[in-house]
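Q: I have a structure open and would like to go through it with you. Could you take me from the whole chain down to a few residues?

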Amino acid sequence: MQKVFRFADQGIEVEIGRYARQADGAVWIKAGDNIVLCSAVATKEVKAIQGFFPLTVEYRERTSAAGRIPGGYFKREGKLSDFEVLTSRVIDRPIRPLFPSTYFNEVQVLATVYSADGKFPTSVLALLGSSLALTISPLPFLGPVGAVQAARVDGAWKFNPTFEEISASDADIMIAGTKNGICMVEGHCNNISEQTLIDLLFSAHEEVKKQVAWQEEVARELGVVKDSTPESIDWAAWKANVKAALPTDFAEKIFAASKSERGDGFDAIKKDVMAKFETQIEAGEISGPVLGFIFESIIKETLPDVLAAKKVRVDGRGFNEIRPIQVDIAPVPCSHGSAVFQRGETQVLASVTLGTGQDAQKIDSLIAGQQEREFMLHYNFLPFSTGEVKPLRGAGRREIGHGYLAESSFINVLPKKDTFPYVIRSLCDVLESNGSSSMASVCATTLALMDAGVPITEMVGGIAMGLVRDSKDNLHILTDILGMEDAFGLMDFKVVGSERGIVAFQLDIKDKVGLSRELFVEALEQARKARLHILGEMKKGLSAPRPELSSRAPRVNSFKIPSDKIGLVIGPGGKNIKEIIATTGTQIDIEDDGTVKIYSKTGDTAAEAENWIRTLCGDIEIGAMFNGTVKRVADFGLIVELVMGKEGMVHISTIARNKQNDLHKLVKLNDRLMVKVIAQDRETGRLKLVAPELEKP
């Protein structure tokens, strides 16, 4: 049965029952000429309970959607691009908490872009389509979820803007939620206030609620019936058994100053519980992973009550207290800039490198085509940072996501390209981890940029806020959360900003109940105070960018030449520009508008390259001296190459009479000869030269 449903308010249309009919749920969702196919499928049985929900989400873009053929040798789509990974995470994060806590069937959600014109965010379509595919499926999904993208266009907020509007804006924010409240936010902005952000979120939530209501209406019209989920395990009974096996003061053993002590206490309790059920495990009545899951769920339920009673957290801090901060400036002498930022047991080393335009990363965007990424922040989570042994492979989804969040924090504080024409890379290695390493990466990068002499407009720092709910339904906001508080809490709210306002943020709500406006106000106010404290501690290490670039960084000379002279500078097959680079040891970028950037280690080589280029363009001062190369000896005089691609003539009349007859003996081909420019024909570009040593009798 094929049906079409329209959501006129936002120009969205879905077709159900025509495509991907063997999936548990599938929708063909459209907005204008943008089309995404979203599907949801679950396994019929649980293979093995591992203690986590095995959900896989993938967002894929087909280059055919924009009428292009993929680049590269294989000419087909390969591994996910960073943007596809980030969008996959944006879809995953709001839907993952909306499944029953004891549902462990493997679920795969795929969102594939088949048509894209850039006039509606395909990421929003993919999230809406994925939610609707789950909603109309028999899977026990507790949604739906709605989503909007917000950008500030000409000073006003606009929902679901076009690609061009997003590109021209200074803020780009994705907001997702259920009918109860906001559950996921990610984006960057330009020093907006906390109040502005709250107003935006709750304004967006009104649009989200309309989308949710529409999806619920679609499900009702289709007569969707959710499958019952027969439980192979009596969760309530086993939960009671595990609770009974726990000592009354078990939570006390988790309270300790250090992560290792807390971990040892946690492991000891868990080991003791597992030992009490060894017979049942061996008999196959329950598995070790299931027992571990139940144990951890009890800890998650119990811990908030203990925190509320004690009025302190597991490491002894108050709810709004920040861990001790230390900074170390320039620990890596051979990098252009470096810094270590440590907050408690989280430590990040950032190393900044300044490169030339040729170092920019080429990115093939579905809508914009090939773009250049001129600021890169690469986040690496090293296994020893948590005392573990793991294989080192390429960047995973978490690393890409954390790196992007940190990178987006600097969009509005980095210097403009025309005043600071460098490509910048910050390499952030997590050396020690116990919560909020992405925010530590922001702080470390800020200090490393300033150490390198990058003139950022202001310092930025980040903080992660958490949330727990006790058995009396009271909510407690936690500032600067630990890894354990992130795992057992209800919220992970990362906020980055300067002293003036917020520049980036990421919010994940792991609760199925929405959060009130008042709670957001309180959380953002605590985050603001924490951010100001962190920035103050950072300033004790370095309070402003160094006045000079690192001595190891390349120097840049920038000037313009007529655009019609670019071909002369490059030469046939790039011959001239290659010779300039090889001879002077510089790197040279020439843009389409004639802007020339020369990167060099010394001013002398840059001046030599600049003079060479200006000479090729005919920008030569009368009286300028050149150590040229003799290219021809003739009766009328000498042809001398000043630089490769530019020649002039020393006329015979300027040579002393007693040397004219024996000129071919005095001067040989390819001899070096010092010459001076005495005239230039502006129309033809021909140069008249004299050779001072040949003028003398």
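A: Accessible areas here come from the Shrake-Rupley method with a 1.4 Å probe, and for residues only the protein chains shown count as cover. On that basis the accessible surface of the protein chain comes to about 31700 Å², of which 50% belongs to carbon and sulfur atoms. This is a predicted model, in which local features need pLDDT of at least 70 and side-chain atom pairs count only at pLDDT 80 or more, while totals for chains, interfaces and linings use all residues. Residues are numbered from 1 along each chain as its sequence is written, and side-chain values use heavy atoms, with hydrogens and water left out.

Q: What does the C-alpha trace span along its principal axes, and what share of the residues is buried?
A: The C-alpha trace of the protein chain spans about 115 × 60 × 50 Å along its principal axes. Of its 697 residues, 53% count as buried, where buried means under 20% relative accessible area, exposed over 50% and partly exposed in between (1.4 Å probe, protein chains only).

Q: And how many helices and strands are there?
A: The protein chain has 18 helices and 29 strands; these are DSSP runs numbered from the N terminus, helices being H or I with at least four residues and strands E with at least two.

Q: Which strands make up the open sheet of eight?
A: The order is β8-β7-β9-β10-β21-β20-β18-β19, with antiparallel pairing, and two strands are said to pair if DSSP finds at least two bridges between them. The edge strands are β8 (156-159) and β19 (475-479), each of which pairs on one side only. From one strand to the next, the twist averages 20°.

Q: What joins β9 to β10?
A: Strand β9 (residues 172-177) and strand β10 (residues 182-192) run antiparallel and are joined by six bridges, and the bridge partner of Ala176 in β10 is Met184.

Q: Which strands does helix α4 lie across?
A: Helix α4 (residues 194-222) lies across β7 (146-153), β8, β9, β10 and β21 (502-509), and runs at about 140° to β7. Such axes are lines fitted to C-alpha atoms, for helices over the stretch in contact, and the angles run from 0 to 180 degrees between N-to-C directions. Helix α12 (residues 517-539) also packs on the sheet, touching β10, β18 (461-469), β19, β20 (491-497) and β21, and its direction makes about 145° with that of β18. Contact means heavy atoms within 4.5 Å.

Q: Changing topic, what does β25 pair with?
A: Strand β25 (residues 625-634) runs antiparallel to strand β28 (residues 672-680), with five bridges joining them, and Gly628 stands opposite Leu673 in β28. β25 also pairs with strand β26 (residues 637-643) in the antiparallel sense over five bridges, and Arg632 stands opposite Ile639 in β26. With two residues between them, β25 and β26 form a hairpin.

Q: Now Thr87: is it buried or exposed?
A: Thr87 counts as buried because its relative accessibility is 3%. Thr87 lies in helix α1 (residues 82-95) and, leaving aside residues up to four places away in sequence, touches Tyr59 and Ser123.

Q: And where is Gly265?
A: Gly265 is in helix α6 (residues 259-276), and is buried with a relative accessible area of 12%. Gly265 and Phe250 are 15 residues apart in sequence and 8.9 Å apart in space, C-alpha to C-alpha.
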